[in-house]
Amino acid sequence: MTQQAPPSLSIKVRSALFFVLYSLTGIFHSFLCVLIGPFLPRHARHRFINQWTRFAMWLDQRLNRITVKLEGYEHLSEDVYVILANHQSSWETFYLQVLISPQATVLKRELLWIPFFGWGLALLNPIRINRSDGNGALKSVLSQGKQRLKSGLPVLIFPEGTRQPPHTLGKFNHGGSLLASQAGVPVIAISHNSGNCWPRKTWIRYPGTITLRISPPISTENKKAKQITAEVQQWIADHYPN
């Protein structure tokens, strides 16, 4: 694994300024979301709430000098699907909200308790799970996930559960594959290298290009969850940006 170079003073200043600006605007926008969001129809509500997410990505590009190379966007033409993506930072949770909207994201329920940020996030009607309850978490993914898919929402899941270092894939759980199989919808795999620019466990943001690759739909018909997971993990590994 390549060691990230120590950040320069310019990178530290830009990263700190990004953190301050996106936090302050997030607090302000969260108040607007709580006041206005509940009265908007679903598509308009997602679009309104994600205005801050779009701003954060714009600020990231302008201030942190991070660009995005997107490959395979045409594969998102399916109406309903389960997205399984590798997880390296909070960047992909932001960017994928903008790229695929509306959607339902599987996340730990504690995130919804965060003041301001969590309040707005709750209005997107995510799939809430208690990660400390293994069987209960899986039941929540399946029951809530099927409801979201039936209503026409794609479901986004990070099967590794926790963020991994760049060039590393963690153990994939089978919840997303099982959901797709039982619901009879395809899986879209996503491979990216966001950790190069947004490393985990730090506020530093490094300039560079994040490459995000989207797979063609992976059929789940007559396949067991383990087989689907293996196919997805192999695709992500084979298409991981160098």
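A polar contact is a pair of N or O atoms within 3.5 Å; within protein, one must be able to donate a hydrogen and the other to accept it, and residues adjacent in sequence count only if both atoms are side-chain atoms. The side chain of Lys69 makes such a contact with the side chain of Glu71, at 3.4 Å.

## Basis of the model

This is a predicted model: local features need pLDDT of at least 70, side-chain atom pairs count only at pLDDT 80 or more, and totals for chains, interfaces and linings use all residues. Residues are numbered from 1 along each chain as its sequence is written, and side-chain values use heavy atoms, with hydrogens and water left out.

## Overall form

The protein has 8 helices and 7 strands. Helices (H or I, at least four residues) and strands (E, at least two) are DSSP runs, numbered from the N terminus. The C-alpha atoms fill a box of roughly 55 × 45 × 35 Å along the principal axes. With 242 residues, a compact globule would have a radius of gyration near 18 Å, and the protein agrees, at 18 Å. That radius is taken over C-alpha atoms, and the globule rule is 2.2 Å times the number of residues to the power 0.38.

Of the 242 residues, 48% count as buried. Buried means under 20% relative accessible area, exposed over 50%, and partly exposed in between (1.4 Å probe, protein chains only). Among contacts between residues at least 6 apart in sequence, 74% join residues at least 24 apart. Contact here means heavy atoms within 4.5 Å.

## Two nonpolar cores

A nonpolar core is a set of buried Ala, Val, Leu, Ile, Met, Phe, Trp, Tyr and Cys residues joined through side-chain atoms within 4.5 Å. The largest has 27 residues. Leu96, Leu99, Ile190, Trp198 and Leu212 have the most contacts inside it. Helix H1 (9-36), helix H3 (51-63), E2, helix H4 (91-99), E6 and strand E7 (208-214) each supply at least two residues of this core. A second, separate core has 25 residues, including Leu84, Ala104, Phe172 and Ala180.

Leaving out residues up to four places away in sequence, Leu96 touches Ala85, Gln103, Leu156, Phe158, Ile190 and Leu212.

## Helix H6

Helix H6 spans residues 134-150, 17 residues in total. From first C-alpha to last, H6 reaches 24 Å, close to the 24 Å expected at 1.5 Å a residue. The expected span is 1.5 Å times one less than the number of residues.

Buried residues of H6 are Ala137, Ser140, Val141, Leu142, Gln144, Gly145, Arg148 and Leu149. Their cover includes strands E2 (82-85), E3 (104-108), E4 (127-129) and E5 (155-157), and helix H7 (175-183). Just after H6, Gly152 takes a positive phi of about 100°.

## The loop between H4 and E3

Pro102 lies in the loop between H4 and E3. A cis peptide bond joins Ser101 and Pro102, with omega about 0°. Gln103 sits in the loop between H4 and E3. Is Gln103 buried or exposed? Gln103 counts as buried, because its relative accessibility is 2%.

A polar atom of the Gln103 side chain lies 2.8 Å from the backbone oxygen of Leu96. A polar atom of that side chain also lies 3.0 Å from the backbone oxygen of Ile100. Beyond four places in sequence, Gln103 touches His46, Leu96, Gln97, Leu124, Leu153, Pro154 and Leu156.

Lys69 is in strand E1 (residues 66-71). Lys69 is partly exposed, with a relative accessible area of 45%. Leaving out residues up to four places away in sequence, Lys69 touches Thr209, Ile210, Thr211 and Leu212. Lys69 and His192 are 123 residues apart in sequence and 9.7 Å apart in space, C-alpha to C-alpha.

Ser191 is in strand E6 (residues 187-192). Ser191 is buried, at 0% relative accessible area. A polar atom of the Ser191 side chain lies 3.5 Å from the backbone nitrogen of Tyr240. Beyond four places in sequence, the contacts of Ser191 include Asn86, Thr211, Trp235, His239 and Tyr240.

Most residues other than glycine have a negative phi, and most peptide bonds are trans. Lys201 has a positive phi near 60°. Lys201 lies in the loop between E6 and E7 and counts as exposed, at 72% relative accessibility.

Asn222 also has a positive phi, about 60°. Asn222 lies in the loop between E7 and helix H8 (225-238). Asn222 is exposed, with a relative accessible area of 77%.
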